[in-house]
Amino acid sequence: MANFRGHALPGSFFILFGLWWSVKYSLKHHIRKLNKSGQVHHSFERLELIEGSVKVAFSIIGILAEQFVPDGPHLHLYNQEQHHWMYLMNWQHSTMYLFFGISGAMDILTYSPAKAPVGLDRLTLAIALFVEGFLFYFHVSNRPMLDQHIHSLLLTAIFGGAVNTFIEVFLRDNIILELFRVTLALLQGTWFWQIGFVLYPPWGEPVWDEKDHSNMMFITMCFCWHYATAILITSVNYILIHCLYPDACPWTWNYARLDGQNELSTRPKERPSLLVYNL
(Lines give C-alpha, C1' and ligand atoms only; values in the text may rest on other atoms or scores of the structure.)
Protein backbone atom coordinates (compact mmCIF):
# COMPACT_ATOMS: atom_id res chain seq x y z
CA MET A 1 0.00 0.00 0.00
CA ALA A 2 1.44 3.34 -1.02
CA ASN A 3 0.28 5.06 2.15
CA PHE A 4 1.14 5.38 5.83
CA ARG A 5 -0.57 2.12 6.85
CA GLY A 6 1.30 0.22 4.16
CA HIS A 7 4.58 1.10 5.88
CA ALA A 8 3.36 0.94 9.48
CA LEU A 9 2.16 -2.67 9.07
CA PRO A 10 5.51 -4.28 8.10
CA GLY A 11 7.26 -1.91 10.49
CA SER A 12 5.18 -3.24 13.38
CA PHE A 13 5.95 -6.83 12.37
CA PHE A 14 9.70 -6.22 12.37
CA ILE A 15 9.60 -4.36 15.69
CA LEU A 16 7.65 -7.17 17.37
CA PHE A 17 10.00 -9.85 16.06
CA GLY A 18 13.05 -7.76 16.96
CA LEU A 19 11.86 -7.35 20.54
CA TRP A 20 11.02 -11.04 20.83
CA TRP A 21 14.37 -12.12 19.35
CA SER A 22 16.25 -9.83 21.75
CA VAL A 23 14.63 -11.64 24.69
CA LYS A 24 14.82 -15.15 23.22
CA TYR A 25 18.45 -15.13 22.15
CA SER A 26 19.61 -13.45 25.35
CA LEU A 27 17.73 -16.04 27.41
CA LYS A 28 19.09 -18.98 25.39
CA HIS A 29 22.63 -17.63 25.65
CA HIS A 30 22.57 -17.32 29.45
CA ILE A 31 20.89 -20.69 29.95
CA ARG A 32 23.53 -22.25 27.71
CA LYS A 33 26.29 -20.62 29.76
CA LEU A 34 24.90 -21.90 33.06
CA ASN A 35 24.31 -25.39 31.70
CA LYS A 36 27.50 -27.45 31.68
CA SER A 37 26.36 -29.44 28.65
CA GLY A 38 25.71 -26.24 26.69
CA GLN A 39 22.19 -27.40 25.83
CA VAL A 40 18.89 -25.57 26.29
CA HIS A 41 15.59 -26.98 27.47
CA HIS A 42 13.38 -28.68 24.86
CA SER A 43 10.66 -26.13 25.62
CA PHE A 44 12.55 -23.73 23.37
CA GLU A 45 11.60 -25.96 20.43
CA ARG A 46 7.95 -25.27 21.25
CA LEU A 47 8.70 -21.56 21.25
CA GLU A 48 10.31 -21.93 17.82
CA LEU A 49 7.16 -23.66 16.57
CA ILE A 50 5.01 -20.86 17.94
CA GLU A 51 7.32 -18.26 16.40
CA GLY A 52 7.08 -19.94 12.99
CA SER A 53 3.29 -20.09 13.25
CA VAL A 54 3.11 -16.40 14.18
CA LYS A 55 5.39 -15.55 11.25
CA VAL A 56 3.08 -17.43 8.86
CA ALA A 57 0.02 -15.72 10.37
CA PHE A 58 1.59 -12.26 10.05
CA SER A 59 2.50 -12.99 6.43
CA ILE A 60 -1.06 -14.03 5.61
CA ILE A 61 -2.38 -10.89 7.30
CA GLY A 62 0.06 -8.77 5.27
CA ILE A 63 -0.93 -10.38 1.97
CA LEU A 64 -4.64 -9.99 2.69
CA ALA A 65 -4.13 -6.36 3.72
CA GLU A 66 -2.23 -5.60 0.49
CA GLN A 67 -4.71 -7.38 -1.76
CA PHE A 68 -8.10 -6.58 -0.30
CA VAL A 69 -7.93 -3.00 0.91
CA PRO A 70 -10.51 -0.82 -0.86
CA ASP A 71 -7.89 0.53 -3.27
CA GLY A 72 -6.09 -2.82 -3.65
CA PRO A 73 -5.81 -5.18 -6.64
CA HIS A 74 -8.12 -7.89 -5.20
CA LEU A 75 -5.91 -10.57 -6.80
CA HIS A 76 -6.10 -8.89 -10.25
CA LEU A 77 -2.65 -8.48 -11.75
CA TYR A 78 -3.43 -7.30 -15.29
CA ASN A 79 -6.26 -5.22 -16.73
CA GLN A 80 -7.29 -6.88 -19.98
CA GLU A 81 -9.48 -3.98 -21.07
CA GLN A 82 -6.97 -1.16 -20.57
CA HIS A 83 -3.90 -3.35 -21.12
CA HIS A 84 -1.80 -2.38 -18.13
CA TRP A 85 -0.53 -3.88 -14.88
CA MET A 86 -2.58 -3.26 -11.75
CA TYR A 87 -1.26 -2.06 -8.38
CA LEU A 88 2.24 -3.48 -8.80
CA MET A 89 3.36 -1.87 -5.54
CA ASN A 90 0.78 -3.93 -3.65
CA TRP A 91 1.89 -7.04 -5.51
CA GLN A 92 5.51 -6.38 -4.58
CA HIS A 93 4.60 -6.06 -0.92
CA SER A 94 2.54 -9.27 -1.17
CA THR A 95 5.54 -11.06 -2.66
CA MET A 96 7.68 -9.87 0.26
CA TYR A 97 5.15 -11.27 2.75
CA LEU A 98 5.00 -14.53 0.79
CA PHE A 99 8.69 -15.25 1.31
CA PHE A 100 8.50 -14.46 5.01
CA GLY A 101 5.59 -16.88 5.17
CA ILE A 102 7.82 -19.52 3.57
CA SER A 103 10.42 -18.75 6.23
CA GLY A 104 7.83 -19.29 8.96
CA ALA A 105 6.75 -22.59 7.39
CA MET A 106 10.37 -23.76 7.38
CA ASP A 107 10.66 -22.85 11.07
CA ILE A 108 7.72 -25.14 11.75
CA LEU A 109 9.23 -27.99 9.70
CA THR A 110 12.63 -27.60 11.38
CA TYR A 111 11.31 -27.91 14.93
CA SER A 112 8.38 -30.26 14.30
CA PRO A 113 8.61 -34.07 14.26
CA ALA A 114 9.39 -33.77 10.52
CA LYS A 115 12.85 -32.46 11.55
CA ALA A 116 13.98 -30.61 8.43
CA PRO A 117 17.77 -30.25 8.17
CA VAL A 118 19.15 -27.81 10.71
CA GLY A 119 20.04 -24.52 9.05
CA LEU A 120 17.19 -24.41 6.54
CA ASP A 121 15.27 -22.09 8.84
CA ARG A 122 18.10 -19.54 8.73
CA LEU A 123 18.59 -20.05 5.00
CA THR A 124 14.95 -19.36 4.14
CA LEU A 125 14.98 -16.29 6.40
CA ALA A 126 18.09 -15.03 4.60
CA ILE A 127 16.35 -15.63 1.25
CA ALA A 128 13.25 -13.76 2.46
CA LEU A 129 15.39 -10.78 3.47
CA PHE A 130 17.26 -10.86 0.16
CA VAL A 131 13.99 -10.95 -1.80
CA GLU A 132 12.72 -8.02 0.27
CA GLY A 133 15.84 -6.01 -0.55
CA PHE A 134 15.74 -7.07 -4.20
CA LEU A 135 12.14 -5.88 -4.53
CA PHE A 136 12.79 -2.57 -2.77
CA TYR A 137 15.89 -1.91 -4.88
CA PHE A 138 13.65 -1.65 -7.97
CA HIS A 139 10.77 -0.23 -5.96
CA VAL A 140 11.73 3.44 -6.15
CA SER A 141 13.02 3.93 -9.68
CA ASN A 142 11.96 7.26 -11.21
CA ARG A 143 10.82 8.49 -7.80
CA PRO A 144 11.74 11.84 -6.16
CA MET A 145 15.20 12.21 -4.66
CA LEU A 146 14.17 12.01 -1.00
CA ASP A 147 11.95 9.00 -1.69
CA GLN A 148 14.85 7.14 -3.29
CA HIS A 149 17.27 8.12 -0.55
CA ILE A 150 15.08 7.08 2.38
CA HIS A 151 14.43 3.68 0.77
CA SER A 152 18.12 3.20 -0.04
CA LEU A 153 18.88 3.59 3.66
CA LEU A 154 16.36 0.84 4.35
CA LEU A 155 18.29 -1.40 1.95
CA THR A 156 21.31 -1.12 4.24
CA ALA A 157 19.40 -2.80 7.06
CA ILE A 158 17.76 -5.35 4.76
CA PHE A 159 20.86 -6.61 2.95
CA GLY A 160 22.88 -6.42 6.17
CA GLY A 161 20.33 -8.70 7.80
CA ALA A 162 20.33 -11.05 4.79
CA VAL A 163 24.13 -11.48 4.86
CA ASN A 164 24.19 -11.88 8.64
CA THR A 165 21.43 -14.50 8.60
CA PHE A 166 23.17 -16.43 5.81
CA ILE A 167 26.33 -16.59 7.95
CA GLU A 168 24.18 -17.98 10.78
CA VAL A 169 23.47 -21.02 8.60
CA PHE A 170 27.08 -22.09 9.22
CA LEU A 171 27.72 -20.41 12.61
CA ARG A 172 24.60 -21.40 14.49
CA ASP A 173 23.89 -20.21 18.05
CA ASN A 174 26.44 -17.41 17.78
CA ILE A 175 25.16 -14.74 20.17
CA ILE A 176 27.04 -11.93 18.39
CA LEU A 177 25.42 -12.71 15.03
CA GLU A 178 22.03 -13.21 16.64
CA LEU A 179 22.07 -9.88 18.49
CA PHE A 180 23.34 -8.12 15.37
CA ARG A 181 20.34 -9.50 13.48
CA VAL A 182 18.11 -8.27 16.31
CA THR A 183 19.39 -4.70 15.94
CA LEU A 184 18.88 -4.77 12.16
CA ALA A 185 15.33 -6.10 12.57
CA LEU A 186 14.49 -3.30 15.01
CA LEU A 187 16.11 -0.81 12.65
CA GLN A 188 13.98 -2.06 9.77
CA GLY A 189 10.83 -1.80 11.84
CA THR A 190 11.37 1.72 13.11
CA TRP A 191 12.59 2.89 9.70
CA PHE A 192 9.44 1.62 7.98
CA TRP A 193 7.50 3.83 10.37
CA GLN A 194 9.85 6.73 9.63
CA ILE A 195 9.28 6.32 5.88
CA GLY A 196 5.54 6.44 6.47
CA PHE A 197 5.80 9.66 8.49
CA VAL A 198 8.05 11.32 5.91
CA LEU A 199 6.38 10.32 2.64
CA TYR A 200 2.78 9.90 3.83
CA PRO A 201 2.23 12.13 6.89
CA PRO A 202 -0.80 10.69 8.70
CA TRP A 203 -1.99 14.16 9.69
CA GLY A 204 -1.50 15.75 6.27
CA GLU A 205 0.58 18.92 6.26
CA PRO A 206 3.36 19.79 6.45
CA VAL A 207 4.76 17.71 3.59
CA TRP A 208 8.52 17.26 3.31
CA ASP A 209 10.26 18.99 0.41
CA GLU A 210 11.60 15.98 -1.47
CA LYS A 211 14.08 18.08 -3.47
CA ASP A 212 15.72 19.82 -0.50
CA HIS A 213 19.22 18.41 0.08
CA SER A 214 19.17 19.40 3.77
CA ASN A 215 16.25 17.02 4.28
CA MET A 216 18.41 14.21 2.89
CA MET A 217 21.19 15.14 5.32
CA PHE A 218 18.78 15.08 8.25
CA ILE A 219 17.24 11.76 7.16
CA THR A 220 20.70 10.18 6.99
CA MET A 221 21.48 11.40 10.50
CA CYS A 222 18.06 10.23 11.68
CA PHE A 223 18.82 6.75 10.32
CA CYS A 224 21.89 6.61 12.55
CA TRP A 225 19.76 7.66 15.54
CA HIS A 226 17.34 4.85 14.77
CA TYR A 227 20.16 2.33 14.81
CA ALA A 228 21.53 3.73 18.06
CA THR A 229 18.06 3.24 19.56
CA ALA A 230 17.95 -0.34 18.27
CA ILE A 231 21.33 -1.06 19.90
CA LEU A 232 20.14 0.50 23.17
CA ILE A 233 16.94 -1.58 23.24
CA THR A 234 18.88 -4.78 22.51
CA SER A 235 21.45 -3.98 25.20
CA VAL A 236 18.81 -3.22 27.85
CA ASN A 237 16.97 -6.47 27.14
CA TYR A 238 20.23 -8.43 27.27
CA ILE A 239 21.18 -6.90 30.64
CA LEU A 240 17.71 -7.50 32.10
CA ILE A 241 17.78 -11.15 31.06
CA HIS A 242 21.34 -11.41 32.33
CA CYS A 243 20.31 -10.24 35.80
CA LEU A 244 17.45 -12.70 36.08
CA TYR A 245 20.12 -15.30 36.78
CA PRO A 246 22.01 -14.48 40.03
CA ASP A 247 24.97 -16.67 39.03
CA ALA A 248 25.41 -14.64 35.86
CA CYS A 249 25.01 -11.17 37.36
CA PRO A 250 28.34 -9.64 38.52
CA TRP A 251 26.96 -7.42 41.28
CA THR A 252 25.29 -10.40 42.99
CA TRP A 253 28.51 -12.34 43.41
CA ASN A 254 29.57 -10.51 46.60
CA TYR A 255 26.17 -11.10 48.15
CA ALA A 256 26.39 -14.80 47.27
CA ARG A 257 29.82 -15.03 48.94
CA LEU A 258 28.58 -13.23 52.05
CA ASP A 259 25.58 -15.53 52.28
CA GLY A 260 27.91 -18.53 52.03
CA GLN A 261 30.14 -17.18 54.80
CA ASN A 262 27.19 -16.47 57.07
CA GLU A 263 25.89 -19.96 56.49
CA LEU A 264 29.23 -21.41 57.51
CA SER A 265 29.56 -19.21 60.59
CA THR A 266 26.06 -19.93 61.89
CA ARG A 267 26.25 -23.66 61.26
CA PRO A 268 26.30 -25.51 64.67
CA LYS A 269 29.50 -27.31 65.53
CA GLU A 270 29.34 -31.03 65.29
CA ARG A 271 29.89 -32.93 68.56
CA PRO A 272 32.68 -35.55 68.50
CA SER A 273 31.52 -39.07 68.07
CA LEU A 274 31.52 -41.61 70.88
CA LEU A 275 34.23 -43.49 69.08
CA VAL A 276 36.62 -40.63 69.79
CA TYR A 277 35.79 -40.67 73.52
CA ASN A 278 36.35 -44.42 73.70
CA LEU A 279 39.72 -44.03 72.09
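How many helices and strands does the chain have? The chain has nine helices and two strands, where helices (H or I, at least four residues) and strands (E, at least two) are DSSP runs numbered from the N terminus. This is a predicted model, in which local features need pLDDT of at least 70 and side-chain atom pairs count only at pLDDT 80 or more, while totals for chains, interfaces and linings use all residues. Residues are numbered from 1 along each chain as its sequence is written, and side-chain values use heavy atoms, with hydrogens and water left out.

**Overall layout**

- Read along the sequence, the pattern of elements is α-α-β-β-α-α-α-α-α-α-α.
- Of the 279 residues in the chain, 41% are buried; buried means under 20% relative accessible area, exposed over 50%, and partly exposed in between (1.4 Å probe, protein chains only).

**Helix packing**

- The axes of H1 and H6 are 7 Å apart, and the two helices pack at an angle of about 160 degrees. Axes here are lines fitted to C-alpha atoms, for helices over the stretch in contact, and angles run from 0 to 180 degrees between N-to-C directions.
- H1 and H6 are therefore roughly antiparallel to each other, given that angles under 35 degrees count as roughly parallel, over 145 as roughly antiparallel, 65 to 115 as roughly perpendicular and the rest as oblique.
- H1 passes H6 in a left-handed crossing. A crossing is left-handed if the near helix is turned anticlockwise from the far one by less than a right angle, and right-handed if clockwise.
- H5 and helix H7 (residues 213-242) have axes that come within 10 Å and cross at roughly 20 degrees. That makes H5 roughly parallel to H7, and the crossing of these two helices is right-handed.

**Salt bridges**

- Side chains of opposite charge can pair when their charged atoms come close.
- The structure holds eleven salt bridges, each being a side-chain nitrogen of Lys or Arg within 4 Å of a carboxyl oxygen of Asp or Glu.
- Glu 48 pairs with Lys 24 in one of these salt bridges, with the closest N and O atoms 3.2 Å apart. The pair links distant parts of the chain, since Glu 48 sits in helix H2 (residues 43-68) and Lys 24 in helix H1 (residues 4-34), 24 residues apart. Both Glu 48 and Lys 24 are buried.
- Asp 173 and Arg 32 meet through their side chains in a salt bridge (3.7 Å, N to O). Asp 173 lies in the loop between H5 and H6 and Arg 32 in helix H1, so this pair ties together parts that are 141 residues apart in sequence. Asp 173 has a relative accessible area of 37%, so the residue is partly exposed.
- Asp 121 forms a salt bridge with Arg 172, and their closest N and O atoms are 2.8 Å apart. This pair also links distant parts of the chain: Asp 121 is in helix H4 and Arg 172 in the loop between H5 and H6, 51 residues apart.
- Asp 121 is buried, with a relative accessible area of 1%, whereas Arg 172 is partly exposed at 25%.
- A network of salt bridges links Asp 121, Arg 122, Glu 168, Arg 172 and Arg 181.

- Val 163, Phe 166, Ile 167, Phe 170 and Leu 171 make a nonpolar surface patch of about 500 Å².
- Patches are made of residues with over 30% relative accessible area and no salt bridge, with like charges joined within 9 Å and nonpolar side chains (Val, Leu, Ile, Met, Phe, Trp, Tyr) within 5 Å. Accessible areas come from the Shrake-Rupley method with a 1.4 Å probe, and for residues only the protein chains shown count as cover.
- Phe 170 lies in the loop between helix H5 (145-168) and helix H6 (175-199), and at 61% relative accessibility Phe 170 counts as exposed.
- Phe 134 is found in helix H4 (residues 120-137) and is partly exposed, with a relative accessible area of 46%. The C-alpha atoms of Phe 134 and Met 96 are separated by 9.6 Å, with the two residues 38 residues apart along the chain.

**Backbone points to check by eye**

- Leu 75 is not a glycine, yet has a positive phi of about 70 degrees. Leu 75 is placed in the loop between H2 and strand S1 (78-79), and counts as exposed at 54% relative accessibility.
- Tyr 87, also not a glycine, has a positive phi of about 50 degrees. Tyr 87 is in the loop between strand S2 (84-85) and helix H3 (88-111), and its 39% relative accessibility counts as partly exposed.
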